[in-house]
Amino acid sequence: MSILGSTGLVESAVRYCCLCLVVYSNLVTFAMQENIEQRYAIKFCVKLNRSATQTFASLTEVYGDATLSRTVVFKWHKAFKEGRENVEADPRSGRPISSTNDQNVEMVRAVIAKDRRMSVRMIVGQTVNHAFYKDVLGRLRKRVQRVRTDIADDWVLHHDNAPVHTALLIREFLAKKNIPVLPHPPYSPDLAPCDFYLFCKLKLKLKGYHFGTMENIQKVVTHTYRK
């Protein structure tokens, strides 16, 4: 019998995939709103004759980790200085995400309400580079030492072979802190089966379509997995 033959597994997969789609859609909306807010701020700084460097410093002081990148700030600063008035991003190829509704927005707001210390960048997803990952490992190590004293001296780290995980800075950090790493086989479908047989099938079925409600997403995902 196929592994997808289990009703419980199908329903779990449906709920998981629907949640991913809804959360992604709404978090993108939140990020876009903050981006527009910062573009207005950049435009205001241009009208005050502030340089791009001064503008970026002011934004960083206000928005902290959620500040637009230096490259993006300089790009918008130049555009406004040359006479641009519109703060909306230029249209791109492809159709926009349209699976946002009031109910889904409230779901994301409920998540934020549980921890108001979360910034927009934390919610949408911090870009994981080697410096960020090193900080994550540092906090993980401290928590293990504090919470799991029984394994504080002999725990083993297991992560995949992503470039950020194998960077020289990370390898040096792990060696310095005496944290052994469990070897990870490359491209192993045994370690992440959904990536190899489940999500690929779902993507092919959903590609090119847009859904206005949670119910529509559930119907399509359920129908796809029951085939």
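Mentor: Let's begin with how a helix pair is described: each axis is a line fitted to C-alpha atoms, and the angle between two axes runs from 0 to 180 degrees between N-to-C directions. Keep in mind that this is a predicted model.

Trainee: Then at what angle do the axes of α2 and α3 cross?

Mentor: Helix α2 (residues 52–63) and helix α3 (residues 70–81) cross at roughly 125°, and their axes come within 9 Å. That angle makes α2 oblique to α3, since angles from 65 to 115 would count as roughly perpendicular and those over 145 as roughly antiparallel.

Trainee: Is the crossing of α2 and α3 left-handed or right-handed, and which residues make the contact?

Mentor: The crossing is right-handed. From α2 come Ala52, Thr53, Thr55, Phe56 and Leu59, and they meet Arg70, Val73, Phe74 and His77 of α3. By type, the residues of this contact are five nonpolar, three polar and one charged.

Trainee: Now for a single helix. Which residues of α8 are buried?

Mentor: A residue is called buried when its relative accessible area is under 20%. In helix α8 (residues 168–176), those are Ile170, Phe173 and Leu174. They span an arc of only 95° around the axis, so they sit on the same side of α8.

Trainee: What covers the buried residues of α8, and which exposed residues are on the face turned away?

Mentor: The cover includes α6 (130–147) and α7 (163–166). On the face turned away from the buried side, α8 carries the exposed residues Leu168, Ala175 and Lys176.

Terms used: Residues are numbered from 1 along each chain as its sequence is written. This is a predicted model: local features need pLDDT of at least 70, side-chain atom pairs count only at pLDDT 80 or more; totals for chains, interfaces and linings use all residues. Side-chain values use heavy atoms; hydrogens and water are left out. Helices (H or I, at least four residues) and strands (E, at least two) are DSSP runs, numbered from the N terminus. Angles under 35 degrees count as roughly parallel, over 145 as roughly antiparallel, 65 to 115 as roughly perpendicular and the rest as oblique. A crossing is left-handed if the near helix is turned anticlockwise from the far one by less than a right angle, and right-handed if clockwise. Contact means heavy atoms within 4.5 Å. Ala, Val, Leu, Ile, Met, Phe, Trp, Tyr, Cys and Pro count as nonpolar, Asp, Glu, Lys and Arg as charged, and the others, Gly among them, as polar. Buried means under 20% relative accessible area, exposed over 50%, partly exposed in between (1.4 Å probe, protein chains only). The arc is that of the directions from the helix axis to the C-beta atoms.
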